[in-house]
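Please read the briefing below alongside the sequence and the coordinates. It opens with a single strand and then widens to the sheets, the cores and an annotated site.

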Amino acid sequence: MEFIRLPKVENVKLLDRVSPRRSRVGTLYLTATHTIFVENEAGVRNETWVLHSLVCSLEKQAATSSGYPLLIHCKNFQVLHFAIPREQECQDVHLSLQRLSQPESYEELYCFSYKPNVDDEERQNEWDFMNLKADYSRMGLPNAHWKLSPANRNYKVSDTYPADLFVPESATPPVIVGSSKFRSRGRFPTLSYYSKENHAAICRSSQPLSGFSARCLEDEQMLEAILRSNPCSDFMYVVDTRPKLNAIANRAAGKGYENEDNYSNIKFQFIGIENIHVMRNSQQKMLEVCELRSPSMSDFLEGLESSGWLKHIKAVLDAGIFITKAVAEEGVSVLVHCSDGWDRTAQVCSVACVLLDPYYRTLQGLMVLIEKDWISFGHKFSHRCNHLVGDPKEVSPVIDQFLECVWQLMEQFPCAFEFNERFLITIHSHIYSCQYGNFIGNNQRERIQLGVHQRTHSLWSYLWTNRTDYINPLYRPDHSQTQGLLRPSTAPYCFKFWRGLYNRFDQGIHPRQSVEDYLRTIQEETQQLEEQLASHKQKIAKLEEEQGWSVVQEAAPFDKSPTAWTLSHDLRLANTPQDYTGGFITSSPSQPKAPDSSGLILLPQDLNQTSIFSLSNSSDPESGIADLSCRSPLSEDSTRDPDSDEAVYSAA
Amino acid sequence: MEFAELIKTPRVDGVVLHRPFLPTVEGTLCLTGHHLILSSRQDNTEELWLLHSNIDSIEKRFVGSLGSIIVKCKDLRVIQLDIPGMEECLNIASSIEALSTLDSVSLMYPFFYRPMFEVIEDGWNSFLPEDAFKDLESMTDEWRLSEVNKDFSVCPSYPPLVAVPKDIDDETLRKVATFRHGGRFPVLSYYHKKNGMVMMRAGQPLTGTNGRRCKEDEKLINATLRPGKRGYIIDTRTINVAQQAKARGGGIESEANYPQWRRIHKAIERSNVLQESLIKLVEACNDQSHNMDRWLSKLEASNWQTHVKEILTTACLAAQCIDREGASVLVHGTEGTDTTLQVTSLAQIILDPSCRTIRGFQGLVEREWLQAGHPFQQRCAQSAYSNSKPRQEAPVFLLFLDCVWQILRQFPCSFEFSESYLVLLFEHAYASQFGTFLGNSAAERAKLSLPEKTVSLWSWVNRHQEIERLTNPLFEANSLVIWPSVAPQSLLLWEGVFLRWNRSSKCLDEAYEEMVHIIEYNKELQNKVNSLRRQLAQLETEDPLLQTP
């Protein structure tokens, strides 16, 4: 490919992020789609693959004794630290990767060249797997109050909205068109979720173009129609998810928020979720904390606090809870908007859906929810995830925050979700990877123009095919936690740092044994036992009945503990110390090398054939344990120079 | 003294009890010598039975003639009693205050408690040093059990029997005792079977400013080294703190006099700093402001997690020296009764699988905390809600339990016990019907005749029902050394203690039950399949066709 200046560099070092003294030497290859590092060690086939579309940024650092450092920061929070022998090589790799990781047109994206062995019919089946109409009919729509509107069939009313939209039965085409003209980007109020139990609905839109005094009769009629479509309630909420100040500032630009005086029977409410720029900076700050080399507890907690990240997560969840209460407890419909109605609005509506409806806590339900509230309603994935080279100010981790809200809820309600953490992490990776067509482009119209359904593959079908990997063993459809509404606590101490995502590739800091994996193994065995039980019963019955013929079939006895293998597997990792000394003790640990296995404990291993997310970055269990050394600011007297025993000794 | 003198109003009707996450109860409040009891009159079942010694502090509030007493417990629970009548309320409050701060140990509840269960095994005899030494003898003959301290005269905080190098006689021990803080001469804490390396603990050496030296001390600890090998001295203080200790007669082992030893200084906080840390942490957890910045900044300012990290790191270092460097280790701080024990006991959890069992952990607490002379009575006299100025209170033991919990979280299948065991030990260390944690040393416990006059906590724990409750369903014995991560991302707030009364644990409890259910159903099926298999085999041999081919 034309952008590759140098397809192969020998003698490249891959440094351990936390303890650079541990490094691996190998060959670096640049291909059209991946950067591949192959370790040189004899007998070990240790490869690290990084998809170009996952590269977030590249950083060249000043030359060191080990070479010219090149850091690759990935969108899935992996950081690779290479040292390249010659400056020119480093320069070439840097320039090549810079170009390769910033495609200029959609055609360059990986999904258009990703060709698993699937024929066109199967590909069509992949895409047909997701059917939003089925979700609306699950909600009981269309019905006497809500109808499917053809108004946006050709994306004429709003080019960022999907073709199929549900509107109140009484909303006539002129009302829809009139209302859309009074809303940013034509995003008129339309249905997101309908509660068939009490007729309350969650609707969404963009901000009204109210400025300081403008009003629009059709828009007022539209809200009136939404209110009337809920016969049990005499008012509705209009929730503006922005901080009040931001909304007021928008008025000067001819936008703004609803005036309670102009709309009959609305209760207007601000919920202060910050904008995409604040969120981008916040995540950046948090990631800097995650990447600190050996942070003290205070470094970490102070950094986490000053990033504000958990505060923002709490704000999103609080907003979701407000809407949930309105719908489920008061039976009142809600219209949610922010500015354009594709970021905060998507977050809040989808979080509310997860809280309200157990269906969205199933594997299939979460996929449907993302398809509905994010993909179909025009969350600008390509802009927000920086799929193409573009305006860096458009980038923002809005979807990350939604996934994290779901994770925070899973921590509070361990039995309520059918899927596990791995499921969320896999979805996160693929939102950024561009391997599947689902998240390409910024709205439905763009995806149709790109022929995404004809030319790419669907993540949802892949996830469904591999669903056994994503099942939460504690989930039971009939469990009380699974039923009805979730009522989470949003006390600050209920929010945790999501180590599994943001420090996903730092193997050493995760629990060394996974309860989930243990339970999964047990359940698999239980299933086999159930089968054996049935077959034994059958055989005994047969024998007793016939007293004659019998087929002796030896079943493997369960004498071995079912979990033995999982544990030995886990403990290869477990049996390795970190560097607790801050380099005080320099002799190498004497643990024998275990074979490479990347599926260790809680690692969201992608079973994809192309292994784009190779986790072999630190597959050597010795060096794999991050050197999260324990040099505290208070114990600096123990040693200053980790490399010199003598210096320490004389200093002591 | 009669308890009755302290109880002005023994009984009040119409008292309303408010507890977190439980419905309010109206009933009759009774005060006895050791308990605060509230029972609802409706069905006569007792609703609250609280030990006075569990009460850390109380607050009174009055609205008209209705008084409220807010009772803050050492287990961090906060409850409220609404008491009609100002006089009754004041009387009750002053009685609780007096009864919860009794000075005399012999008035404590364990001396009055009679067990309502059958004592199958007397916990006072479960962990005798002689028995522990028998295990040691089976592995090595390099150590002996010395009776030099049998009357507690050489070291008042040591037990009567201690393990010391075989070649060191009692006379030498007496001399070394004069050179170590509190007479705490180096004794064996742990023998690592895998490579024969040992961990010892002691008090700081009393070198003073003029570098006093003790040849016997050098001889003692050198006796534990293999020829040509060096050992590590882990001093739990920073070098500055250790240097300053010289002015007060303490000090460090100098390189000149201990050339075979390398000294490593770590920074583990002690005493008042820890108590303040606990108070701040609990205050942060009880903050009602719902403000994320405030919570994180208070959590950080409490420094609790920092202490956990420091202690764990030091313990890991000690374990690493022994297991990976093949070196013997001597651990001490100042007195050798607090930070030292945190390090030596945690290092054993890491290194020795037997310490990760229910019984093994009891043995560890006995050896490394109770018999090693951790002053429980002083350290656990008050908890996080105390209004009085802390004297010698410090959550040293709670920090140890927190560190164990951190390792348990990282190795959820490697411990025979579950989190509830650690919570139980925390509760009983601060207030208990059992005598185990009374007194500050073996000497004090002997003087109080605790084994004769009180029941041991272990007698209660080591019964079938209790063991079942404390067992970790995920446990799979593993004989390996377990190396925890000490990265800040890996260390969590111990919710089971610090948020226990602040949030409902219903969903987490259900998850736990579900987990138990999955495991038990599997076992049940295994049994069924095995019995069917036997039945099948029997039928097959009875089969006439198979018998006569």
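In strand 11 of chain B, B:Met197, B:Met199 and B:Arg201 point one way while B:Val198 and B:Met200 point the other way, and all of them are buried, where buried means under 20% relative accessible area, exposed over 50% and partly exposed in between, with a 1.4 Å probe and protein chains only. In a regular strand the side chains alternate between the two faces of the sheet. This is a predicted model in which local features need pLDDT of at least 70 and side-chain atom pairs count only at pLDDT 80 or more, whereas totals for chains, interfaces and linings use all residues. Residues are numbered from 1 along each chain as its sequence is written, chains are lettered from A and ligands numbered from 1 in the order in which they are written, and side-chain values use heavy atoms, with hydrogens and water left out.

**Sheet of chain B**

- Strand 11 of chain B is mostly covered, with five of its five residues buried; helices (H or I, at least four residues) and strands (E, at least two) are DSSP runs numbered from the N terminus.
- The strand belongs to an open sheet of five strands in chain B, with the order 10-11-14-12-13 and mixed pairing, two strands being paired if DSSP finds at least two bridges between them.
- The edges are strand 10 (187-192) and strand 13 (261-265) of chain B, each of which pairs on one side only, and the twist averages 20° from one strand to the next, with axes fitted as lines to C-alpha atoms, for helices over the stretch in contact, and angles running from 0 to 180 degrees between N-to-C directions.
- Strand 10 and strand 11 of chain B pair in the antiparallel sense over five bridges, and B:Val187 has B:Arg201 as its bridge partner.
- These two strands of chain B form a hairpin with four residues between them, and B:Gly196 in the turn has a positive phi of about 75°.
- Strand 11 (residues 197-201) and strand 14 (residues 329-332) of chain B pair in the parallel sense over three bridges, with B:Met199 opposite B:Val329 and B:Met200 opposite B:Leu330.

**Sheet of chain A**

- Chain A also has an open sheet of five strands with mixed pairing, in the order 10-11-14-12-13, and the twist averages 25° from one strand to the next.
- Strand 12 (residues 236-240) and strand 13 of chain A pair in the parallel sense over five bridges, and A:Met236 stands opposite A:Ile266.

**Nonpolar cores**

- The largest nonpolar core has 227 residues, and those with the most contacts inside it are A:Phe402, B:Phe361 and B:Phe498; such a core is a set of buried Ala, Val, Leu, Ile, Met, Phe, Trp, Tyr and Cys residues joined through side-chain atoms within 4.5 Å.
- Apart from this core lies another, of 30 residues, including B:Ala163 and B:Leu220.

**Annotated site in chain A**

- The unreviewed UniProt entry places the feature "binding site" at positions including A:Asn275, A:Ser339 and A:Trp342; UniProt positions are given in the numbering used here, feature names are shortened, and annotations may be inferred rather than shown by experiment.
- The annotated residues span 70 residues in sequence, yet no two of their C-alpha atoms are more than 12.2 Å apart, so they gather at one spot.
- A:Ser339 is found in the loop between strand 14 and helix 10 (344-356) of chain A, and A:Ser339 is buried, with a relative accessible area of 16%.
- A:Trp342 is buried, with a relative accessible area of 3%.
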